[in-house]
Amino acid sequence: MTGPVGGVLLAGAAVTALIIALLLMVATAHLLRGRRSARDDRRKRELMPLVHAVLDDDPVDGAPLPDVVGAPADLDEIVLELLPQLRGSDRQTLRDLLAERGVVSRAVADLTARKSWRRGRAVALLGSAAGTDHIAAMVELLDDRSLEVRCAAARALGKAGDPAAVGPLLRATHGERALPSGVLGMALLDLGTTALPVLRDSLTGRNQVARGLVAELLGVHGDPSAAPLLEALVRDAGEDLGVRRSAAAALGRIGSPTSTEPLVDALSNSPDPGLQRTSAEALGRIGHPLATIPLLAGLAAEDIAVRAACADALAALGADGRASLEAVATGPGAAAPVARAALDELGPAVRRAEPVGAA
Amino acid sequence: MTHVLVVDDDPVIADLVAFRLGRLGLEVSVERDGEAGLAAARQLRPDLVVLDWMMPRMNGLEVCRALREDIDADLARTPVLLLTAKAQEPDLERGFAAGATDFVAKPFSTRELVSRVTAALPPGSVSG
C-alpha cells in the first residue's frame, strides 16, 4: 500500500508545485506589465509638455524653442498616437516634427527591408505621418509578396488621403496578389470625398470587381452626382449582374427620385431574383409613390426573398404603401404572409399613427 | 476665474485640451471617466464641460443627460461641448437631444476647439 500511496502523494505534490509555479509566473508577468505600463505613462507625461509646446501656436514671448530633435524616442510614440486624432495645422505640425526627427526617412528606408514586419510597420507609419509625400513608394507595396504588407499598404494609402491612390487600390482587386475587397473598400472610404471624382470615373473601367466595389462605395458616400452613372449600370443588360446589384443598392442609399424608373424596370423585367430584390429594397429607401404598383406586382414573384423585399419596401413607402399592404395581407394569395410580416415589423403604433387610407 | 472641466479617458487628448484651454487663461480640471466627470461637475460647478462620448463606466451622453436633469438649475444649464469621433448626422441628433451645446468632431483641430469653447462661454471669459 505504501508504494502506490507514496506515488500518488508524490504526484499530487508535483502538480501542486507546478500550479504554484504557474501562478507565480502569471503574477510576475502581471507585475512586470504593470510596472512597464506605469513607466511608459510616466515617460509620456514627461514628454507631453514638449508636444504641447510644439503645438502651441501662440508661444510665450522669450520662451526657449523646444529641442524636438534630441528628445527621447518615446516622443515619436506619443506623436503617432496623437496624429490620427488631430487635423489641419495641428496634424501638419506633428508630421513636420516626425520628419525633422528622421522618423519619416527611416520608414522610407524600411519599405525595402527584408523582414516583412518592418516593411508593414514602415508603410503604416508613412500612411499616418507622411501625408501625400511618398505615395508612389507606398503603392509599390500593394504588390508585396506578403499579404500582411499589402493590406498594411492599402490601409496606409487610405489614411494618406491622396486620390491618386484610387487607381492602384482598384487594380489590387484582381490578379495573383489581389487584396480582400473589405480592406480595399475601407482604404478607398478613408480617402474621403476628395476621391469621389476619380471613383465616378472608375465606374466605366474594365475590371468588373472594381466596378462593383466602386458602385458600393459611391452609395456609401451618398454621392448624388454618381446617380446617372449608376442608373446606366442598372439598365445595362450586358453588365455583370453583381455590378448591377451593387449599383441598384447604391441608388437606394443615394435616394434620388430620378432613380425610381430604372429600378422599377429592373424589378419588373430582370430575370435575376438578386437584382429584383436589391431594386425593391432600393425603391423602399427612395420612397417614391410611383414604385407602389410595381412593388405590389412584385408581391407575386416566385422568389420569396423578392416578395419579402417588395413587402418591406411598400411598408416604407408611407400611408399609401401600407394601405396596399393591408389589403394584400388580408387576402388569400401567396403574398399575404410576407405582407403580414412586413406590417408586423412596423408595429401597431405606426399603423395607428397613420390610419389606412390617410394620405 | 472661468473654470472648464475636461472629461476624456484618453490621457494624451485630455492633457492637450487642458493645455490649450489653460493658455486661454481658463482654470482647467481633468477627469478620466464619465462617473468621475459627473461627480466633479457637481462638486466644482464648472462654467463649461468638454466631454468625450465613448468613455468607460458612464458615457458622455449619459453624463450630459444627468447634468441636464440635475436638481441644481445652474448646473443643469452648464454648456456641454462634446468632443467625439461620433459626429455623423444621427450622432449629432442624439447628442443635441441629450443636451449638448455644441460638437467638436475628432479628428479635431485645437484652433477649432478653442473657438468653440470661446463661443460657448460668456463674453470676456477668455483672455488673449
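This is a guided tour of a predicted model with chains A and B, going from one selection to the next.

Residues are numbered from 1 along each chain as its sequence is written, while chains are lettered from A in the order in which they are written. Because the model is predicted, local features need pLDDT of at least 70 and side-chain atom pairs count only at pLDDT 80 or more, whereas totals for chains, interfaces and linings use all residues; side-chain values use heavy atoms, with hydrogens and water left out.

**The sheet of chain B**

Begin by selecting the strands of chain B, where 5 strands form an open, parallel sheet in the order E2-E1-E3-E4-E5. Helices (H or I, at least four residues) and strands (E, at least two) are DSSP runs numbered from the N terminus, and two strands pair if DSSP finds at least two bridges between them. At the edges you will find strand E2 (27–31) and strand E5 (102–105) of chain B, each of which pairs on one side only. From one strand to the next, the twist averages 20°, with axes taken as lines fitted to C-alpha atoms, for helices over the stretch in contact, and angles running from 0 to 180 degrees between N-to-C directions.

Next select strand E1 (residues 3–7) of chain B, which runs parallel to E2(B) and is joined to it by 5 bridges; here Val4(B) stands opposite Val28(B) of E2(B).

Helix H5 (residues 89–97) of chain B lies across E4 and E5 of chain B and runs at about 140° to E5(B).

**Two backbone details in chain B**

Select Arg45(B), found in the loop between helix H2 (34–44) and E3 of chain B, whose phi is near 50°, a positive value in a residue other than glycine. Move on to Pro107(B), in the loop between E5 and helix H6 (110–120) of chain B, where the peptide bond from Lys106(B) to Pro107(B) is cis, with omega near 0°. Most residues other than glycine have a negative phi, and most peptide bonds are trans.

**Where chain A touches chain B**

Now show both chains together: the contact takes 19 residues from chain A and 16 residues from chain B. The area buried between them is about 1,700 Å², of which carbon and sulfur atoms give 49%, buried area being the accessible area (1.4 Å probe) that two parts lose on being put together, summed over both. Select His52(A), Gln85(A) and Arg87(A), which supply 35% of the area that chain A buries against chain B, more than any other three residues.

Between chain A and chain B there are 2 salt bridges, a salt bridge being a side-chain nitrogen of Lys or Arg within 4 Å of a carboxyl oxygen of Asp or Glu. Asp56(A) and Arg23(B) meet through their side chains in a salt bridge (2.7 Å, N to O).

**A last stop within chain A**

Finally, select Arg43(A) and Asp74(A), whose side chains meet in a salt bridge (3.3 Å, N to O). Arg43(A) lies in helix H1 of chain A and Asp74(A) in helix H2 of chain A, so the pair ties together parts that are 31 residues apart in sequence.

Technical notes. Contact = heavy atoms within 4.5 Å.
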